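Have the viewer open while you read.

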Amino acid sequence: MQDENWPLWEVFIRSKAGLAHRHAGSIHAADAQMAIDHARDVYTRRSEGVSIWVVRSADLVASDPADSEAFFEPAADKIYRHPTFYEIPDGVENL
Amino acid sequence: MYTQGLDQKAGKGEAQAAESAERLAAFQARVDAEEKIEPKDWMPEAYRRTLVRQISQHAHSEIIGMQPEGNWLTRAPSLKRKAILIAKVQDEAGHGHYLYSAAETLGTSREEMVDDLLTGKAKYSSIFNYPTLSWADIGAIGWLVDGAAIMNQVPLCRCSYGPYARAMVRICKEESFHQRQGFDIMLSLARGTPEQKAMAQDALDRWWWPSLMMFGPSDKDSKHSAQSMAWKIKRFSNDELRQKFVDVTVPQAEFLGLRVPDDDLEYDAASGHYRYGEIDWEEFIQVLKGNGPCNRQRLETRNRAHAEGAWVREAARAYATKQRGRRAA
């Protein structure tokens, strides 16, 4: 039977309103509702969350760490994208 | 997400070819620079195996650890103590799940790990093969066993493997509650009637030495230590952690007015450490081999719970399948 074992879900929790959901870990569950219920019991026993997202682990697509150097390299030499690149003369304020 | 593509095992020659000296050196350099290793990063097979073994054993210990405590759930002396103990046992289940989840990022499956536990192939901490004979044992477990666990686990929060380190951060926060509630039970008993105090002493007498054994074999006999230290999975040796535990715990016992059951225990002012007596390693070996007081019972109970829960897992699958069918229709 293909679904003999409950599939794996990744769990994301918003710790309070105003903050983004953040990866908390994973959980096994037969369906989405059970994944949310289990995630509540496993990851929020001490009021760590106000909202939970779950997504089937198999549906997540990630960048490849083996390529990460080349993949993220284009940003490395563009230091002019940071405000600290620019020199502001003394006397200029509110910039 | 982390398990994809990791299941296929490379043939032996292939693995060796992939683990060129250059790659191993680059990996070690990352570890030495205190970089965290994440699931999809390249890692030596032995590093992966070591972590799977350690994390899954740790998870099994949390799951089996529910049994000695669960033994007193229905007989806790008050509603407050009962509510607290339920919360603690639930935490142990939670810890098991965080850890299984961390181990799964290394490409092993939950089913494999659970199966290894049920068949007795996998090990778990020797401490949970001792019985909880009185209510005071629940106090002693929280105070000593969880205290020893914290000593072991706080350095693991800085372990080189990211998912394990993150799981340990959560666990350590929660263990602190466990240890304090245990000490609180011991304190109530120690300040109670002479019979209650004797109960606390009896629990300390029985749990002290097994707690010291939790740190594992002494450094000269520890076969995995050096490599684990180099990989920064481990930060301190078994004996260093054991010494720290003794140093912080003996004054707590004195505060309780209880006697640590070790005739050789004495404070060495020069070093600032307590010197303690010889551990009975034969007992430790026997418990690990499966011959402790409760090994068979623990495994039987876990197997029974797993078997009796089979219909629940099956029903949930059937329900999920039916719901999917309805949505598709």
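Predicted model: local features only at pLDDT ≥ 70, side-chain atom pairs only at ≥ 80, totals over all residues.

1. Start with a helix pair in chain B. Helix α3 (residues 45-70) of chain B packs on helix α12 (residues 295-308) of chain B at an angle of about 105 degrees, and their axes are 10 Å apart. An angle from 65 to 115 degrees counts as roughly perpendicular, so α3(B) is roughly perpendicular to α12(B). On the α3(B) side the contact is made by B:Ile63, B:Ile64, B:Gln67 and B:Pro68, and on the α12(B) side by B:Gln297, B:Arg298, B:Thr301 and B:Arg302.

2. Now compare helix α7 (residues 162-190) of chain B and α8(B). This pair packs at about 140 degrees, with the axes 7 Å apart. Over 145 degrees would count as roughly antiparallel, but α7(B) and α8(B) are oblique to each other. The residues that meet are B:Met186, B:Leu189 and B:Ala190 from α7(B), and B:Gln196, B:Lys197, B:Met199 and B:Ala200 from α8(B).

3. Helix α11 (residues 281-291) of chain B is worth a look from the inside. Which of its residues are buried? They are B:Trp281, B:Phe284, B:Val287 and B:Gly290. The cover over these buried residues includes α8 (194-213), α10 (238-256) and α12 of chain B.

4. Apart from neighbours within four places in sequence, B:Lys88 is in contact with B:Glu69, B:Ile141, B:Gly142, B:Asp146, B:Phe177, B:His178 and B:Gln181.

5. B:Gln153 is another buried polar side chain to inspect, with a relative accessible area of 6%. B:Gln153 belongs to helix α6 (residues 135-153) of chain B. Not counting residues up to four places away in sequence, B:Gln153 touches B:His58, B:Glu62, B:Met168, B:Ile171, B:Cys172 and B:Glu175.

6. On to charges: the count comes to 25 salt bridges over all chains. One of them joins the side chains of B:Asp239 and B:Arg242, at 2.7 Å from N to O. These two are three residues apart in helix α10 of chain B, so about one helical turn separates them. B:Asp239 is partly exposed at 25% relative accessibility, whereas B:Arg242 is buried at 1%.

7. B:Lys220 forms a salt bridge with B:Asp221, with the closest N and O atoms 3.8 Å apart. B:Lys220 is exposed at 71% relative accessibility, and B:Asp221 is partly exposed at 48%. B:Asp268 and B:Arg275 also form a salt bridge, their closest N and O atoms being 3.6 Å apart. Both partners are partly exposed, B:Asp268 at 25% relative accessibility and B:Arg275 at 36%.

8. There is also a salt-bridge network to inspect. Salt bridges that share partners join A:Arg45, A:Arg46, B:Asp91 and B:Glu174 into one network.

9. Next, some backbone angles. Phi of A:Ser47 is near 55 degrees, a positive value in a residue other than glycine. A:Ser47 sits in the loop between α1 (32-43) and β3 (51-56) of chain A, and A:Ser47 is exposed at a relative accessible area of 66%. In chain B, phi of B:Glu34 is near 65 degrees, again a positive value in a residue other than glycine. The loop between α2 (21-32) and α3 of chain B holds B:Glu34, which is partly exposed at 41%.

10. Last, the surface of chain A. A nonpolar patch is formed there by A:Ile79, A:Tyr80, A:Phe85, A:Tyr86, A:Ile88, A:Val92 and A:Leu95, with about 740 Å² of accessible area together. A:Val92 is found in the segment after α2 (68-72) of chain A. With a relative accessible area of 43%, A:Val92 is partly exposed.

Definitions and conventions. Residues numbered from 1 in each chain as written. Chains lettered and ligands numbered in written order. Heavy atoms only, no water. Patch = residues over 30% accessible without salt bridge, like charges linked within 9 Å, V, L, I, M, F, W, Y side chains within 5 Å. Areas by Shrake-Rupley, 256 points an atom, 1.4 Å probe, with all protein chains shown as cover. Salt bridge = Lys/Arg side-chain N within 4 Å of Asp/Glu carboxyl O. Helix = DSSP H or I, 4+ residues; strand = E, 2+ residues; numbered from the N terminus. Buried < 20%, exposed > 50% of the residue type's maximum accessible area, 1.4 Å probe, protein only. Axes fitted to C-alpha atoms, helices over the stretch in contact; angles between N-to-C directions. Parallel < 35°, antiparallel > 145°, perpendicular 65-115°, else oblique. Contact = heavy atoms within 4.5 Å.
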